Amino acid sequence: MCGIVGYIGGRVATPLLIEGLKRLEYRGYDSAGVAIMNGNGVETRRAAGKIARLESVIAADPPLGTLGIAHTRWATHGPPTEQNAHPHLSQDGKIAVVHNGIIENATALKAGLEARGVVFKSDTDTEVLAHLIETAYAGSLEAAVIEALNQVDGTYGIAVICSDETDKIVAARKGSPLLVGIGEGEYFVASDASAILTHTRHVVYLDDGDIAVVTKDGYKVVDLEATVREKPVTRIEWDLAQIERGGYPHFMLKEIFEQPTTVENTMRGRLILEEGFSKLGGLNISRDDLLAIDNIIITACGTSWHSALIGEMMIEELCRIPVEVEYASEFRYRNPIVTPRTLCIVISQSGETADTLAAMREAKRRGARTLGLVNVVGSTIAREDDGGIYLHAGPEIGVASTKAFTSQVVALALFTLKLARLRDLSVARGRELAQALAKLPAQIQHILDRAEEIEALAEEFKRASNFLYLGRGYNFPAALEGALKLKEISYIHAEGYPAAEMKHGPIALIDEMMPVVCIAPHDSVFDKITSNIQEVKARKGKVIAITTRDEPSLAGKIDYEFRIPETVDLLSPILASVPLQLLAYYIAVKRGCNVDQPRNLAKSVTVE
């Protein structure tokens, strides 16, 4: 969440910074600002609300200069106001700071600074950094930043400028992503490569503890002891077109419709149909070590946690290895059972999710081997895990995850197939799963070709206040994910439940006003969910059924039906999730919601 952009070079900085901020809007924010170095020192322009408001402020009084930093803020300390927007200045006005993350000991640091006469102008923890750096400043900005950061507990990605050093940006990272972009005679600092992709494809990713000192002549990276660190330069391979809407009204709809391609990309070069096997070169684990694993922990947050639940069932069914799915936010605050024979799979679209990263580090500390499922090449989880599977779904801009979810489930299926075949899964069963995986892109396209059916359904339920989503077996996590999508972007209260649990409480909510989405493909638990549908209908609930074929047992029991192609049980949640994504999208659009940037949410959650 939040966005940082910095520029130093020969061009006017402000338009470049605003362009970068706009490319980071998808991350979620509620205020924005810039700080520009000019002949009179540091000038700031800030505004609450969208970047368009900041542009109006800038247009009224443009700050001119070829060095600057900019920020979009997602409020943590203090409400979204101009006063709390970044950049924040030191008391003498010479130092400007932008910051992603949370300073956990800000209260204690603030009290110490106030005792020395410092007057604070905002409610933020970030302003503490500006005053700490000012207090430590003695002619070297990087030395002052190092001294200030050595007093700080918490997470940060920061960029700092000082009017006494008019040719320098100092950037530092601990727990919040940051990179340096290398252009032709110019340099950038950003929290996300998408902010600078129009100007350079060559970036240096900072690791925790890194401090970058960037001038017009070059850059260096040092640690908190001022020791120079050598860092590799990475080339960004994806194209700018992938972060544009491409004619779609919203990124979310574009990403839903990209799923035939993204699912295929996740499988490309990895699926061996004849052998019923998968090839996953990035695991970095030998066959013997893989077979020595005796338990698996999967840790994730949000949508990724739902894909983890599906992965748990896949692995336990086909590999016969016990699996536990943990909320990453809870994992390190208890005493989990982890041994050297534990494999910890961590799932994060961005590869930067703070809780998931912390859970992975805790698992490694306890001796587990770690495997990352991420979508962003060069992300922190991808750099720190022992091995991994890239999703290859391309940049996901919409805050509500769609294509990353289906790619995560496919990646888990590929891993399951490999491990199961190494153990005792038959070639015949392996081929069956491999062939079912290969059919998924065309099956998803078949669903998308009928999107207008879902749009018509959305028209019927756009005014609903509550939804219930029911599923059994592999489709219980799909019910959770469908409910989450609706909550995230339409602001309708929705809950996902195992269908049999409905009568243990939620059945009290069902009446003629309650839409109930029942995921009922013709699988091993079809007869059971048919009984649950009867229970809903007996209480006059409105049944929306996701089915696979005509079934006499459902006659007269469903109000609305959408059929998906048939597949093996463990892949059915992939196909079931697509119409549920469309349903959430169309309902949200019809309610006038901002589906790409839903209120209070951020794309990459880099604070706890």
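Q: Which members of the largest nonpolar core touch the most other members?
A: In this predicted model, where local features need pLDDT of at least 70 and side-chain atom pairs count only at pLDDT 80 or more, totals for chains, interfaces and linings use all residues. Residues are numbered from 1 along each chain as its sequence is written, and side-chain values use heavy atoms, with hydrogens and water left out. The largest nonpolar core has 95 residues, of which Ile296, Ile345, Phe415, Leu437, Phe467, Tyr469 and Leu571 touch the most other members. The name nonpolar core applies to buried Ala, Val, Leu, Ile, Met, Phe, Trp, Tyr and Cys residues joined through side-chain atoms within 4.5 Å.

Q: What is Ile345 in contact with, leaving aside its neighbours within four places in sequence?
A: Taking contact as heavy atoms within 4.5 Å, Ile345 meets Ile296, Ile297, Ile298, Thr299, Ile315, Leu371, Leu373 and Phe415. A second, separate core of 29 residues includes Ile133, Leu141, Val152 and Val170.

Q: Why is helix α4 described as largely enclosed by the rest of the structure?
A: Helix α4 (residues 126-136) is described in this way because nine of its 11 residues are buried, that is, under 20% relative accessible area with a 1.4 Å probe and protein chains only (over 50% is exposed, and partly exposed lies in between). These buried residues are Thr126, Glu127, Val128, Leu129, Ala130, His131, Leu132, Ile133 and Ala136, and their cover includes β5 (88-89), β6 (95-100), α3 (106-115), α5 (141-149) and β7 (156-162). The helices (H or I, at least four residues) and strands (E, at least two) are DSSP runs, numbered from the N terminus.

Q: Why does His71 count as buried, and which side chain does it make a polar contact with?
A: His71, found in strand β4 (residues 67-73), has 0% relative accessibility and therefore counts as buried. Its side chain makes a polar contact with the side chain of Asn100 at 2.9 Å, and a polar atom of the His71 side chain also lies 2.9 Å from the backbone oxygen of His99. A polar contact is a pair of N or O atoms within 3.5 Å, one able to donate a hydrogen and the other to accept it, and residues adjacent in sequence count only if both atoms are side-chain atoms.

Q: Is Glu384 buried, partly exposed or exposed, and how do you know?
A: Glu384, placed in helix α12 (residues 380-384), has 23% relative accessibility and so counts as partly exposed. By contrast, Thr530 in helix α17 (residues 526-538) counts as buried because its relative accessibility is 7%.

Q: What makes up the lining of the second largest cavity?
A: A cavity is a set of points, on a 1 Å grid over the protein atoms alone, where a 1.4 Å probe fits but cannot get out, and lining residues have an atom within 4 Å of a point. Leu283, Ile285, Leu290, Leu343, Arg369, Thr370, Leu371, Gly387 and Phe415 line this cavity, with strand β20 (residues 369-374) giving the most, three residues. By class, six are nonpolar, two polar and one charged.

Terms used: 1 Å grid on protein atoms, 1.4 Å probe; cavity = no way out; pocket = protein on both sides within 12 Å on 5 of 7 lines; lining within 4 Å. Nonpolar A, V, L, I, M, F, W, Y, C, P; charged D, E, K, R; others polar.
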